[in-house]
Amino acid sequence: MGMALCAAACGYAQQPLATMDAVIKKSKSHPEDVEPGDKPNMVPTVRVGKAMLEGDSVLFMDMSNVYCYPPVTLQDAKQQQSYNRLVRNVKKVLPIAKECNQIIIETYEYLQTLPDKKAKDAHMKRVEKDIYSTYKPRMKKLTYSQGKLLIKLINRECNSPSYDILKAFMGPIRAGFWQAFAWTFGASLKKEYKPETTDRLTERVVLLVEAGQL
């Protein structure tokens, strides 16, 4: 379930994700443009309140997860640089991947309210136009490695590869075009995120960034 215009952008000429006006308006400030170290991209959630328990009110605190990992084992300065680069890249592209997930949900729900295919196609054309004006400048700022990471994190956030999302909402021809475009940069929209194996370190960094611990 879901939809997205999330195109692959690897290298200098990155292409944009799908968007909706409501999401664009919410995203006028872009936390991923903040230099690492300035402030965390994700802010920890802490909420204090009261709840009734057996006829009495008790205080409670609702907070985001806190993760405790053993130190990362790094053999040399090169590995340290690689890890630092991973953290920097996750902080930059994770907010975009989360926006994509929000876009998928809101666009899908809005499409269900439209009466026919003609109206849906017209709306999708407007969405695609918004994509270029809003996301293309941001995608151009991404490096090659950040573009490839974005494709994986979109899979993580949307629970579906970018290619499948595009195919579902834009058809196999358009999806094939974007896949071919990504392929010219050595990337693939069919790339899957594997948090238990090849992307285990990335998943650790993502969870820590989401919790505001990095």
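Rings of Phe, Tyr and Trp (its six-membered ring) are taken as a pair if their centres lie within 6.5 Å, with planes under 30 degrees apart counting as stacked, over 60 as edge-to-face and the rest as tilted. The structure is a predicted model, in which local features need pLDDT of at least 70, side-chain atom pairs count only at pLDDT 80 or more, and totals for chains, interfaces and linings use all residues. Residues are numbered from 1 along each chain as its sequence is written, and side-chain values use heavy atoms, with hydrogens and water left out.

By the ring rule, the count comes to 1 aromatic pair. The ring centres of tyrosine 67 and tyrosine 69 lie 6.3 Å apart and the planes meet at 15°, so the pair is stacked. Tyrosine 67 is partly exposed, at a relative accessible area of 24%, and tyrosine 69 is also partly exposed, at 36%; buried means under 20%, exposed over 50% and partly exposed in between (1.4 Å probe, protein chains only).

Turning to the helices (DSSP runs of H or I, at least four residues, numbered from the N terminus), helix 4 (residues 144-158) and helix 6 (residues 200-210) have axes that come within 13 Å and cross at roughly 70°. The two are therefore roughly perpendicular (65 to 115 degrees). In contact (heavy atoms within 4.5 Å), Leu149, Leu153, Arg156 and Glu157 of helix 4 meet Thr202, Glu203, Val206, Leu207 and Glu210 of helix 6.

Leucine 189 sits in the loop between helix 5 (162-183) and helix 6. Leucine 189 is buried, with a relative accessible area of 0%. Its C-alpha atom is separated by 9.5 Å from that of glycine 176, 13 residues apart along the chain.

Definitions and conventions: Axes fitted to C-alpha atoms, helices over the stretch in contact; angles between N-to-C directions. Parallel < 35°, antiparallel > 145°, perpendicular 65-115°, else oblique.
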